[in-house]
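Keep the structure open as you read.

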Amino acid sequence: MTSRIDRRDFVKAGVAALGAVAVPGAMSAMAQETGAVIYSNGTIFTMESDAPRYAEAVAVRDGKIAFVGDKAGAIAAVGNATEVDLKGRTMLPGFIDSWGHFALFAQQTLGVNLGYFADKPPHSKVDVIALLKATTPFNGWIIGYGYFAALLSDGALTLADLDEAFPATPVMISTLSTLTGQVNSAGLAKLGITPETQAAQPGQIVKDAQTGKLTGELLFTPFLAAHGQALGSYSQEQALKTFVAAQALLAAQGFTTVQSYQLTREEIANFRAAFDQGVIALDVIGMPSISDEAGGKMVAEADWTWGAYSHGDHGLKITGYQVATDAAPQLRLAAFTQPYLDTTGFPDGWKGMLLPKEMVEQWIGYAYANDIQVFAYSNGDAGIDLSLAAFEKAIAATGKADDRRNLIAHSYFVRQDQLPIYKKFNLGISMMPPHMMLYGDQLMKLLGPERASMESPMASALAAGLRTTMHCDCPSASPNVMEAIWIAVTRTTLSGQVLGPQEDVKPYDALLGVTRNVAYTYREEALKGTITAGKVADFVILDGNPLSVAPNEIRNIKVVETIKRGKTIYRRG
């Protein structure tokens, strides 16, 4: 049992990269070549095998790995070269995001980061108000993102708090989940929301139970609609600026390939323009989402080649699409076979929300019929049951039982009896350890210790032989990969509880889940994911070795440098 995590120690771990700097002029994939480079004198993990494998030196030429092995061989392979002394630091393949929302994270740079991983994370309501006051309004609104009341020493902000600080300026706060938020009275007025306004479903415009007055809280659909209205439309030039800002933050965490799910047509156009202009260097894996008729129409009328990069061997690659079955467990929207223990605000016996079975079956079936990769998104065990049934139906209809690199993302509460079915259907699994840290204490109350302690059972997934990856789902959690690995290894919540210690994993297995295994998911195992001759020179350099430090020190390891195709795109200042 670990001791309770001090709030200030916790947020320090979340901002590990924010004292860092992007390398001027290095964010473009079109940066000038710098000749051959040899890296040595450090711990170099190639990530090529299921157990640690090391190299003495790595030689790079023309953006690709020319040699991996002893230093003499590296010198022989490339001749005259710039030698980089790693000074005992740890070198790995660049991190690959298996589930994230790059475009949304980029959009959030239009406001101020109120999250625990902000540059100046708030510890109190006064801190939040100060951050909001210091930000420049966008489209007439002051907007804050990543708000997480559980980490404030004096509790959650109220409508009165916001109105006192901002009597006339519309203010909107988005919670860390990105699905709920809060506005002040000026914001409610600008949105045209009154106590008589009917909430679009699913969702709620929250009112005080006794007075019937608005609290300013908007849940799910009403919040998403209000957020879109507050931001309004903005130019492609502005969108590309947000991409550059998001890339700087993610490169500081060691990412060299990112993902952007729930991709829209406008975002596709913006990404294409970004790569045309060479303003971002990270490769982007895109994924439209099937949640309504418009999403289905977009997939059916695709103007891209599935699984192919937009700019040769880099750029935007739309590898498949997302099919969701349910939603977040901390919001009691994950679908379970057994009821939630706390159903306050929901009907008695509430088990969560399932999306229509017909839609899930239709679009998983469509993916198999048309040889498109599909990323199911399931949270509770009933949501996972629905995905597995749809996969079974699609396989039976098409006879395609091979490894199609399909997976079920999150899979928070996968049951032990479901894991062999993943294996049978050749499904990968991608889990989000940070969710357990952020919401584990809350889920102990919502679900009870037995279920809550089995969130994200990565050890069981590995034992079942599943292709296992892990993610941060940024911006729903910090993009700090070292923090995510620490959580996978220790399974520690905000209060210091350890949930299901039998499901902890070794640091090396966690590292595979952000490198080699993700490359395989994206059909890029010949291109990325390991330090192997012939692959692209995507690297991350750390100031510590996750395999040799004490488990609780993993979260304090910092990214020193991130290298994309042989070019430094981030160096810690």
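## Confidence

This is a predicted model, and the protein averages a pLDDT of 93, with 94% of the residues at 70 or above; pLDDT is the predictor's confidence in each residue, from 0 to 100.

Some ground rules: residues are numbered from 1 along each chain as its sequence is written, and side-chain values use heavy atoms, leaving out hydrogens and water. As the model is predicted, local features need pLDDT of at least 70 and side-chain atom pairs count only at pLDDT 80 or more, while totals for chains, interfaces and linings use all residues.

## The five-stranded sheet

Now for an open sheet of 5 strands, ordered β6-β13-β14-β17-β16 with mixed pairing. Helices (H or I, at least four residues) and strands (E, at least two) are DSSP runs, numbered from the N terminus, and two strands pair if DSSP finds at least two bridges between them. β6 (95-96) and β16 (309-311) sit at the edges with a single partner strand each, so one side of each has no neighbour in the sheet.

Further in, β14 (residues 283-287) and β17 (residues 314-318) run parallel, joined by 3 bridges; G286 has I318 in β17 as its bridge partner. Helix α9 (residues 265-277) lies across β13 (255-261), β14, β16 and β17, at about 160 degrees to β17. Axes here are lines fitted to C-alpha atoms, for helices over the stretch in contact, and angles run from 0 to 180 degrees between N-to-C directions.

## The second largest pocket

A pocket is an open set of points on a 1 Å grid over the protein atoms alone, where a 1.4 Å probe fits, with protein on both sides within 12 Å along at least five of seven lines; lining residues have an atom within 4 Å of a point. Of its 36 lining residues, T180, L219, Q330, L331 and Q442 lie nearest the centre.

Who supplies the lining? β10 (180-183), β11 (203-207), β12 (214-220) and α14 (433-447) each give at least two residues, and α14 has the largest share, with 7.

## The β11-β12 hairpin

β11 and β12 run antiparallel, joined by 4 bridges, with G203 opposite F220 in β12. Their hairpin has 6 residues between the strands, and G212 takes a positive phi near 75 degrees.

Conventions
Contact means heavy atoms within 4.5 Å.
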